[in-house]
Amino acid sequence: MKNVLVTCPPMLGLIDEFTSYAAERGITLVPAKVTQVLSVEELVEKVPQYDGWIIGDDPATEAVFKAGKEGQLKAAVKWGIGVDNVDFAACKALDLPIINTPMMFGKEVSDIAVAYVIGLARHLFEINQSVRQDKAWPKPAGISLEGKKVGVVGLGDIGYNVCKRLLACDMDVVAYDPGVEGDAGLPALRRASWPEQTDTLDFLVFTCALNQHNFHMLNADVLNGAKDGIRIVNVARGPLIDESALISALQSGKVFSAALDVFEIEPLPDNSPLRDMPRCVFGTHNGSNTKDAVIRASHEAIDKIAGFLA
């Protein structure tokens, strides 16, 4: 049996469901003790002890892979779609097989994104908090979705499904993605180049992968030019947004509210000013985490690591 380290929190949450499936493929899954990610130092110590590694959002750096290669590590799989935390170039140089599990969570993450849009539009999160904490019975006037303009950044699997759902809500949807041409099979979808038309958007939703070109793409300059009272949703990667600029915009009222499933630092630091903003709704980088999706992606990850190790 090959020993495979698992550091992906959603998979770890259902790890007992995968032990037999893995064993049938010659693999013993070894769960790591982790809340969100392990540090480079912890990984350098642990990874070399295993034949394979199923990676979450950990810093899978060159140093980690070099240490792994010097030990027992023979292959790795990045659980999920995003690969911004993984040094694929280092794996290639080390002749270490690695792959991710794309096209797994488009519908699940888009469901969360649309839930955030509706929640921000109708003040649902504030109402819930007030009823629970203050025992008040508030009735804030929200805004209707029909006819409102929303920008969706990224038109991959997640972005496509977000656009599809928001168009069904009769919203005016504009997509930003230089890597995808046309309407992606959604005739009502409109296209623009970033940051065009941000001064007309009522909502802005981030669904794209993080890379060297879009780090802090939502910054102070873009926010200054945005429509007053814009509502922002991020279900992609935290560093797409300059959090300090977002904090200033929330404090000034330029941004009316925000729903963030991801952050620049995760877990969100205790001293983050975002915690003091009642119109800022938090997730825990959990947009893909349904039982159905976790089983689907974990089986895919196990199959791929088993293929590498066979």
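**View 1. The second largest pocket of the predicted model.** The second largest pocket has a lining of 14 residues. Those nearest the centre of this pocket are Asp 57, Asp 84, Phe 263, Glu 264 and Glu 266. Sorted by class, the lining comprises five charged, five nonpolar and four polar residues. The space within the second largest pocket amounts to about 250 Å³.

**View 2. The open sheet of five strands.** The strands follow the order S2-S1-S3-S4-S5, and their pairing is parallel. Strand S2 (27-31) and strand S5 (98-100) form the edges; each has a single partner strand, so one side of each has no neighbour in the sheet. From one strand to the next, the twist averages 20 degrees. In general, the strands of a sheet pair through backbone hydrogen bonds, in either a parallel or an antiparallel manner.

**View 3. The pairing of strands S3 and S4.** Strand S3 (residues 52-55) and strand S4 (residues 75-78) run parallel and are joined by four bridges. Within this pair of strands, Gly 52 is placed opposite Ala 75 of S4.

**View 4. Helix H11 across the sheet strands.** Helix H11 (residues 291-309) lies across strand S1 (2-6) as well as S2, S3, S4 and S5. Relative to S4, helix H11 runs at about 165 degrees.

**View 5. The salt bridge between Lys 291 and Glu 17.** The two side chains meet at 3.3 Å, N to O. Lys 291 belongs to helix H11, whereas Glu 17 lies in the loop between helix H1 (9-13) and helix H2 (19-23); the pair therefore ties together parts that are 274 residues apart in sequence. The whole structure contains 16 salt bridges.

Methods
Residues are numbered from 1 along each chain as its sequence is written. This is a predicted model: local features need pLDDT of at least 70, side-chain atom pairs count only at pLDDT 80 or more; totals for chains, interfaces and linings use all residues. Side-chain values use heavy atoms; hydrogens and water are left out. On a 1 Å grid over the protein atoms alone, a cavity is a set of points where a 1.4 Å probe fits but cannot get out, and a pocket is an open set with protein on both sides within 12 Å along at least five of seven lines; lining residues have an atom within 4 Å of a point. Grid points are joined across faces, edges and corners, and a volume is the space filled by probe spheres set on the points. Ala, Val, Leu, Ile, Met, Phe, Trp, Tyr, Cys and Pro count as nonpolar, Asp, Glu, Lys and Arg as charged, and the others, Gly among them, as polar. Two strands pair if DSSP finds at least two bridges between them. Helices (H or I, at least four residues) and strands (E, at least two) are DSSP runs, numbered from the N terminus. Axes are lines fitted to C-alpha atoms, for helices over the stretch in contact, and angles run from 0 to 180 degrees between N-to-C directions. Contact means heavy atoms within 4.5 Å. A salt bridge is a side-chain nitrogen of Lys or Arg within 4 Å of a carboxyl oxygen of Asp or Glu.
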